[in-house]
Amino acid sequence: MLKPKSVVIIGASREPEKVGHVILQNYINAGYDGKLYVVNKNAGEIMGFKSYKSVLDIGDRIDLAVIAIPARFVPQALEECGKAKVKSAVVVSGGFAEIGNNELQDALTRVAEKYNLPTLGPNCLGVMDPRSRNDTLFLPTYKLSKPQVGGVSFVAQSGAVGSTILDLIGGEGFGLSKFISYGNAAHVDEVDILNYLMNDAETKVIVLYIEGIKRGKDFVEIARRISKVKPVIVLKAGRTSAGAAAAHSHTAALAGDYQLQEAIFKQFGFIVANDLSELLYYAKIFVTEQRPKGNRVAIITNGGGAGVLTTDAIASSGVLELAELSAATKKVLQKSMPVLVNVRNPLDLAGDAGSERYSAALEALGTDPNIDMLIAIVLFQTPGADSKVAAKMVEYKDKTDKPVIVLSIGAEYTQMHRIMMESAGLPVYDSPMSAAQSLAALYTYSKYCATHK
Amino acid sequence: MQLLDYMEAKKLLDKYGIGSVESRYVSTSAEAVSFSYGNPIVLKVISDKALHKAKAGLVKPGLATKAEITGAFRELTSKAVKLKPYKIIAQKMAHSGVEIIVGGRADPQFGKFILIGLGGIYVEAFKDFALRLCPITKADSMEMLGQLRSKDIITHNGKMAGTLSAILMKVSRLLIENDGISELDLNPIIVSETGYTAVDIRILK
């Protein structure tokens, strides 16, 4: 489904406003280099492709069928895919269980099961794999920034949230491994998808947006195994649907359905995000950073106030500690820093700090055994901070085995440097709180892995 | 959903070695007086219709004399008329300590969950609890305690952690081995450095 050598678009159309048209156009635009077929009962030729009446007429091996036709015709089309030995299907069409049409959805499930044909959807965006240039999304390319190739796989039940996050990922420095929107989960569901991604070498981090869980026991089983292999960041909708008001026990009043699911996520090492921006914060630190050995954080900064705010954020994270610099480090810093620099943590390099001072500080802290993680605050509004500092950060990042992140707050000039650093695999945060929360999540996961081998 | 009879529920706790306060149903004030045998007791109304017993004035603690017991019994029977069918239970007074809640809930999808939190009247005010899927390990139980904001209050800075961990392990086993339980409240359990006792039990089938 994700790396097909041949794709058929069932319901491809000449009319630009039709979903089937956008999908075909996107395959062409993306430069998909496998074989492409189109099926449309009425048209003879679509955008230069010969149109077949049925998938059965093609007479070639088909790895993926993308189905974008009115719901009532879908089971029949899927049946034909089964007969034609198509390897997988994505049903983009809506009009099934989401509008109460359960019978039609059951019919679809029965066909998928009959032919053992992995079927995604219905009512979904389908899949995107930038490496294979396979993209079933019916979103016009000019409307969203499609992400670069990377290590984050994103799984969303909802198509709308899915495309929003996809667009946001497009604006981030980290890239995408797989995007999977699975809609009503009539056949393939979140458990199948997690199973696949757990074993997918291209996926380093899984980001999951989930509305409901269908197979509770199987979900628990995969959750138990997957966190030991790679991190899963989850955002579950329905947080506020608290325990039933008319609960019969205090326990049920406290532990509503969301709380139960959150308990499972935490128990099995998932990283729980509370909103979309947290998903992205966590994704970028988990995809680039190694696991810290402990929870002690050092801060270097070119602004005193930002250092204090970050110290507060670390203290309020509940899991991180401010590192106590070793005697050896203090000695080195006392020699290398100008007298106006007070040698302690947070280490305030002062507003005139340039790349040399940053470099000397990073070298000294990088070898300190009392430090597990590092936040480098670079406020680009100061006279000393420029592209050389950003370059020095990237250079240091490649050398150290400690997690290191940058905190830079500001508009255009700062954003330019953020993109520069993030493209080189160095996560940049725009608030002390998000930086501290992300390090805390990284540490919590690392602790989970150490105690659940 | 059906409330398991209090004394049946108590027997189930006994079977798993979970201590609860000495209790007996009483149908007259004289029975309550003889149960007291000169020691202070509590009288409570037990009814399907009353979840928040203390708030509804259905708990009368610290009754030592015959006059106190008789007066409280009369007051409870008149209050409980609208809660029929009901029973009145007499319990020995528990020693003072920290009130915690240990609970259980069955979910049709995932199975049984166990909960621990700050108990008694604080349950809903602070909503400070930790929740896990059963069965839990000893390490899980210690992690649950560590998650509570009130962990220092509940464990007396760690001294009672062993006691609480043992309760959690026993309740987890009880939940797993008894299929029919849909909800369970042990609220409060009174914990002190000398031990613990469950003061109120609520099991729903």
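In the predicted model, Ser192(B) is buried, because its relative accessible area of 17% falls under the 20% limit. This residue belongs to strand S8 of chain B, which spans residues 183-192. The side chain of Ser192(B) is joined to that of Thr194(B) by a polar contact of 3.0 Å. When residues up to four places away in sequence are not counted, Ser192(B) touches Ser96(B), Gly97(B) and Met160(B).

The contact between the two chains was examined next. About 2300 Å² is buried between chain A and chain B, and carbon and sulfur atoms account for 63% of it. On the side of chain A, the residues that lose the most area to chain B are His248(A), His250(A) and Leu254(A), which together make up 31% of what that side buries. The contact draws 26 residues from chain A and 28 residues from chain B.

Polar interactions also cross this interface. Between chain A and chain B, 12 residue pairs are in polar contact, with both residues at pLDDT 80 or more. In chain A, the elements that give two or more residues to the side touching chain B are helix H6 (216-226), helix H7 (250-254) and helix H8 (257-267). Of these, H8(A) gives the most, with 7 residues. Sorted by class, the side of chain A that touches chain B has 12 nonpolar, 10 polar and 4 charged residues.

The interface of chain A and chain B contains 1 salt bridge. Asp257(A) forms a salt bridge with Arg105(B), and their closest N and O atoms are 3.1 Å apart.

Conventions. Residues are numbered from 1 along each chain as its sequence is written. Chains are lettered from A and ligands numbered from 1 in the order in which they are written. This is a predicted model: local features need pLDDT of at least 70, side-chain atom pairs count only at pLDDT 80 or more; totals for chains, interfaces and linings use all residues. Side-chain values use heavy atoms; hydrogens and water are left out. Contact means heavy atoms within 4.5 Å. Buried area is the accessible area (1.4 Å probe) that two parts lose on being put together, summed over both. A salt bridge is a side-chain nitrogen of Lys or Arg within 4 Å of a carboxyl oxygen of Asp or Glu. A polar contact is a pair of N or O atoms within 3.5 Å; within protein, one must be able to donate a hydrogen and the other to accept it, and residues adjacent in sequence count only if both atoms are side-chain atoms. Helices (H or I, at least four residues) and strands (E, at least two) are DSSP runs, numbered from the N terminus. Ala, Val, Leu, Ile, Met, Phe, Trp, Tyr, Cys and Pro count as nonpolar, Asp, Glu, Lys and Arg as charged, and the others, Gly among them, as polar. Buried means under 20% relative accessible area, exposed over 50%, partly exposed in between (1.4 Å probe, protein chains only).
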